[in-house]
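I opened my notebook to look up a few spots in this structure. Here is what I wrote down, entry by entry.

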Amino acid sequence: PGASLPHPSPHSSIHWFRKGLRLHDNPALLAAATDCHRLHPLFILDPSSGRAGTNAWRFLLDALRDLDRSLREMGSRLFVVQGCPEEVFPRLFHAWGTTRLTFEVDTEPSRDATVAELAERHGVKVIREVSHTLYDTERVLALNNGKAPLTYKGLQSLLASLGPPEKPAPTLTLEHLQGEHGVVDWVSHDTEYGVPTLEELGQDPTEVGPHLYPGGETAALARLNSLMDRTAWLCDFKKPETEPTSLSPSTTVLSPYLKFGCLSVRTFWWWLDEVYQGQREHSQPPVSLHGQLLWREFFYTAGAGIPNFDRMVGNPVCLQVNWDNNPQHLRAWREGQTGYPFIDAIMTQLRTEGWIHHLARHAVACFLTRGDLWISWEEGLKVFEELLLDADWSLNAGNWLWLSGSAFFHRYFHIYSPVAFGKKTDRDGAYIRKYLPVLKDFPAKYIYEPWKAPRAVQEQAGCLVGTHYPQPIVEHGAASKRNLGRMKAARAQKGNKSPRRRPPHRPPLPPTGENCLAHAPAAFYSVAKHRENRGELSRKRLFSLPRPAAAAGGKAIIPPSSATIQ
DNA sequence: TTCCTGTTGTATAC
DNA sequence: GTATACAACAGGAA
């Protein structure tokens, strides 16, 4: 730290925050601060982008305020500007005398190339760094002839040839900041560049739910810290065994922090690695926590390598299906009014709290698409994008492809029952009672199927099905059976058009679908029941804010490698 | 061609 | 709690 520069700092830098809302492991931010006499940390709020709901906006504003607070402690500030990047940058380049623009690589379809060109035209040097993913997605794709691996194993073997992920970069500290830090006018900063409120963004602040998961790097590292004491839990973690019906999250709920980059995936990876090192044995990918981070990598790679990844049409890996158009059923699903308490409870938790367990996502996604309602996964994707705090373009689309049986997942005859699935881990329906208080007095025998309760029982529970709570909008047995047949038909069509297979001996169907390949799943991080720590002593708390221990052994700020474009 | 595997199904039997 | 049928797919290895 504190490497004093041998020559005057020539640069005026803008670091453009998009994701990566943190000071730890942020190589592009370090690059901005290097040889720099004036640094402007910038966030551009683009009101025209995205479908985020109120809870997600709150999370983002939390994160921005936290970032500003941390920068302020070092005498700097965050500059928040509203507009679209193409319009904002030329103005700022001119006003701030910018010579260098740095930002984190984004694997999603974005306007990065346009901005980079624009910067170049203004004589501004552009530096991009990989830090949102464990590996450089472009490199992984190149290693596989430009194609995304379509199985988890496939990705694993590619990554094996690349070796372990890079270590996190050092946290930005006061020592990295030279010169003026970019603050021109402390008096007018808040009015000109302050973090706006929900109201100022046109969001209704009365719509937010309980503030269970405050946004920001500080909250992210605190959450990580509190997991540190649970060595046995971390080492035993097996995702499929965690419970979707747990009343408090049975997984980590680090996903919103990873999505916005309040937590660095590399910091998490190497911290887990340290925990694993100290133990005799630990779970392994794909079910372990390391495995969850590799699923994340899997879908980022798929999202970057597969065209039209978030759509059915034009997506070469996606099964082409004639989904129904049924706005009433879609609305019932979204609002938690399907008449299936398990489904409705999950959707209620989603709308109010912004986070649901991974397997709960499976249950409602299957219900919406191939299981019961036969509605396009693209509709579900949009709802999740609005309501989930951790909705991430690649992971969201990838998981919807998976659950709808459109790609990656092929055993489409495995269908989640909206009645039986929740019962496995919650016989008495405590989860339903929590999120659907209208049903809270039903006996356990009927809590998953209240329409089956005799009239007297419904009266006793103070809830008449059809009056206070809806009748089921579909009959699961019949609907799932019919849909299974429709899945089979869609696949048969695909088979007919595939050049690599003999035509299946089935009656030919009218050709409508496009040829599809096939492929594998994704992960939202979660859970496992709180198990006791078997007496391992708690480790020292490494994450107050800076995290020196895991920082790359070397101090090299950023390798001036291919990350630099211009 | 055959065989095995795939993070996370359900219902029934013991 | 574990085993099995259910009805059966895609991809990759052998």
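Is aspartate 204 buried, partly exposed or exposed? I looked it up in this predicted model: aspartate 204 has a relative accessible area of 33%, so it is partly exposed. Buried would need under 20%, and exposed over 50%.

**Entry: around aspartate 204.** I found aspartate 204 in the loop between helix H7 (186-193) and helix H8 (217-228). Aspartate 204 belongs to a patch of negative charge on the surface, together with Glu199, Glu200 and Glu207.

**Entry: helix H17.** Next I went to helix H17, residues 393-403. I noted that eleven of its eleven residues are buried. Among them are Trp393, Trp400 and Trp402. I then asked which helices the buried residues of H17 pack against. They pack against H12, helix H13 (327-335), H15 and helix H16 (377-387). Just after H17, I came across glycine 405, with a positive phi of about 75°.

**Entry: threonine 301 in H12.** I turned to H12, which covers residues 289-305 and holds threonine 301. With a relative accessible area of 1%, threonine 301 is buried. I set aside its neighbours within four places in sequence and listed its contacts: Thr137, Val140, Leu141, Ala148, Pro149 and Leu155.

**Entry: glycine 371 in H15.** I saw that H15 spans residues 358-371 and that glycine 371 lies in it. Why does glycine 371 count as buried? Its relative accessibility is 0%, so it is buried. Not counting residues up to four places away in sequence, glycine 371 touches Cys366, Ile415, Ala479, Ser480 and Asn483. I also looked up the separation of the C-alpha atoms of glycine 371 and alanine 332: it is 15 Å, and the two residues are 39 apart along the chain.

**Entry: backbone angles.** I reminded myself that most residues other than glycine have a negative phi, and that most peptide bonds are trans. Then I noted some cases that go the other way.

- Asparagine 308 has a positive phi, near 50°. I found it in the loop between H12 and H13, and it is partly exposed at 28% relative accessible area.
- Tryptophan 374 has a positive phi of about 55°. I found it in the loop between H15 and H16, and it is buried at 2% relative accessible area.
- The peptide bond from proline 285 to proline 286 is cis, with omega near 5°. I placed proline 286 in the loop between helix H11 (265-277) and H12.

Notes. Residues are numbered from 1 along each chain as its sequence is written. Chains are lettered from A and ligands numbered from 1 in the order in which they are written. This is a predicted model: local features need pLDDT of at least 70, side-chain atom pairs count only at pLDDT 80 or more; totals for chains, interfaces and linings use all residues. Side-chain values use heavy atoms; hydrogens and water are left out. Helices (H or I, at least four residues) and strands (E, at least two) are DSSP runs, numbered from the N terminus. Buried means under 20% relative accessible area, exposed over 50%, partly exposed in between (1.4 Å probe, protein chains only). Contact means heavy atoms within 4.5 Å. Patches are made of residues with over 30% relative accessible area and no salt bridge: like charges are joined within 9 Å, nonpolar side chains (Val, Leu, Ile, Met, Phe, Trp, Tyr) within 5 Å. Accessible areas come from the Shrake-Rupley method with a 1.4 Å probe; for residues, only the protein chains shown count as cover. A salt bridge is a side-chain nitrogen of Lys or Arg within 4 Å of a carboxyl oxygen of Asp or Glu. Lys and Arg count as positive and Asp and Glu as negative; His and the chain ends are not counted. The place of a charge is taken as NZ of Lys, CZ of Arg, CG of Asp or CD of Glu.
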